[in-house]
Amino acid sequence: MRPKVYVTRLIPEEPLKKLQQNCDCRIWDGELPVPRDVLLREVQTADGLVSLLTDRIDATVMDGAPKLRVISNMAVGFDNVDIKEATKRRIVVCNTPEVLTETTADLAFALMSAAARRIGEGERIVRSGKWKTWGPMILLGQDIHHAMLGIIGLGRIGTEIAKRALGFDMKVIYCDRDRRPEMEKKLGIEYADLKTLLARSDFVTIHTPLTSETHHMIGEEQFKAMKKTAILVNTARGPIVDPKALYNALRDRLIAYAALDVTEPEPIPPDDPLLTLDNIVIVPHIGSASVATRTKMAMMAVDNLLAGLKGERPHHVVNPEVLAK
Ligand code: DGY
């Protein structure tokens with residue numbers, strides 16, 4: 001009997017084919033996330049699920065899925081899946097780390113540049129026909145080279161950011177739960193606690209997962225601790241930054257600029273006050289969105305799922321205790 005699998009959105013062709021060759025697949029092929037009622041209906045008979053960060057996979061979904069053995073989330077982050085509930089039910093949960101590291105670091109760096117050099121504002125001026133002349137005082141931004149970069153979370157993506165920053169002759173400091181002496185030595189970077197990092201950095205970039213500890217970890221107090229010229233970049237998860245505090249900080253010029261790939265909520269509503277500000281650039285959660293990387297992520301999600309369904313150990317399991325004999 002071929003396992004039954006539900007896929008919550010169309011994924012790239014090659015991984016999808018592989019899945020279809022090995023399983024009975026049903027797919028939500030809408031442009032928007034699968035509606036909750038459809039998801040709840042589809043999981044009733046599913047052995048495996050390929051989910052996305054836009055799907056809330058909680059106890060209700062799992063309760064309605066008595067046969068579910070593997071949830072393969074096509075993302076490195078898995079805050080959309082209730083891991084505790086999955087583990088309780090001995091459902092294996094997988095993610096897709098590594099393959100998106102460099103692509104996401106590229107985007108974080110692009111956002112940093114976009115904010116520093118006011119690229120969004122410049123583009124709006126050109127498109128609206130307001131570009132009248134070259135001017136010595138027009139759209140002056142900040143230099144990236146030789147500036148101080150503070151990295152919150154020196155995991156895989158944070159480390160790639162550090163490597164890129166060194167190519168721009170930036171000085172790099174980082175904070176993390178665990179100190180990384182070998183990286184400090186290898187890259188010539190410095191450890192600092194969060195408070196010190198915020199006070200010293202010209203650019204602050206966030207690369208930590210969303211957990212109950214990191215929820216709104218950047219709020220009013222942290223903005224007050226930052227330089228008035230500082231630029232904040234978030235490509236991790238929206239709720240790590242308190243959006244109201246961010247709005248106030250940008251409006252009152254407690255910091256100079258922000259660049260976001262992620263927001264709270266997502267998508268950001270068109271009437272969100274942040275969108276009334278000029279000193280912010282926002283893109284729609286595209287950190288890993290290159291053709292090559294999304295294909296690799298989908299292939300990894302499929303391989304994880306197939307391994308889990310065969311009773312093998314998938315390469316990337318976030319709750320390995322489920323597999324312990
Ligand atoms: C992830 O994988 O967690 C990113 O946010 C999307 O690629």
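Me: At what angle do helix H5 and helix H7 pack?

Reply: This is a predicted model. In it, H5 (residues 101-116) and H7 (residues 156-167) pack at an angle of about 55°. Their axes are 9 Å apart.

Me: What do you call that arrangement of H5 and H7, and what is the hand of the crossing?

Reply: An angle counts as roughly parallel under 35 degrees and as roughly perpendicular from 65 to 115, so H5 and H7 are oblique to each other. Their crossing is right-handed.

Me: And H1 with H12, what angle there?

Reply: About 15°, with the axes of H1 (residues 13-22) and H12 (residues 291-309) 8 Å apart. That makes H1 roughly parallel to H12.

Me: Is the crossing of H1 and H12 left-handed or right-handed?

Reply: H1 passes H12 in a left-handed crossing.

Me: Switching to the ligand. Which residues surround it?

Reply: The residues around the ligand are Leu53, Ala75, Val76, Gly77, Leu100, Arg237, His285, Ser288 and Met297.

Me: How many of the shell are nonpolar, polar and charged?

Reply: The shell has 5 nonpolar residues, 3 polar ones and 1 charged one.

Me: What does Ser288 do at the ligand, in terms of distance?

Reply: A polar atom in the Ser288 side chain is 2.5 Å from an oxygen atom of the ligand.

Me: And His285, how far is its side chain from a ligand oxygen?

Reply: An N or O atom of the His285 side chain lies 2.7 Å from an oxygen atom of the ligand.

Me: What about Gly77: which part of it, backbone or side chain, is 2.9 Å from a ligand oxygen?

Reply: The backbone. A polar backbone atom of Gly77 is 2.9 Å from an oxygen atom of the ligand.

Me: How much of the ligand's accessible area does the protein cover?

Reply: On its own the ligand has 230 Å² of accessible area, and the protein covers 91% of that.

Me: What about the bond that joins Glu266 and Pro267?

Reply: Glu266 and Pro267 are joined by a cis peptide bond too, with omega about -10°. Pro267 is in the loop between S11 and S12.

Me: Last one, Glu98. Is its phi positive or negative?

Reply: Positive, about 75°, although Glu98 is not a glycine.

Me: Where is Glu98 found?

Reply: Glu98 is in the loop between strand S5 (92-94) and H5.

Technical notes
Residues are numbered from 1 along each chain as its sequence is written. This is a predicted model: local features need pLDDT of at least 70, side-chain atom pairs count only at pLDDT 80 or more; totals for chains, interfaces and linings use all residues. Side-chain values use heavy atoms; hydrogens and water are left out. A residue is near a molecule or strand if one of its heavy atoms lies within 4 Å of it. A polar contact is a pair of N or O atoms within 3.5 Å; within protein, one must be able to donate a hydrogen and the other to accept it, and residues adjacent in sequence count only if both atoms are side-chain atoms. Accessible areas come from the Shrake-Rupley method with a 1.4 Å probe; for residues, only the protein chains shown count as cover. Ala, Val, Leu, Ile, Met, Phe, Trp, Tyr, Cys and Pro count as nonpolar, Asp, Glu, Lys and Arg as charged, and the others, Gly among them, as polar. Axes are lines fitted to C-alpha atoms, for helices over the stretch in contact, and angles run from 0 to 180 degrees between N-to-C directions. Helices (H or I, at least four residues) and strands (E, at least two) are DSSP runs, numbered from the N terminus. Angles under 35 degrees count as roughly parallel, over 145 as roughly antiparallel, 65 to 115 as roughly perpendicular and the rest as oblique. A crossing is left-handed if the near helix is turned anticlockwise from the far one by less than a right angle, and right-handed if clockwise.
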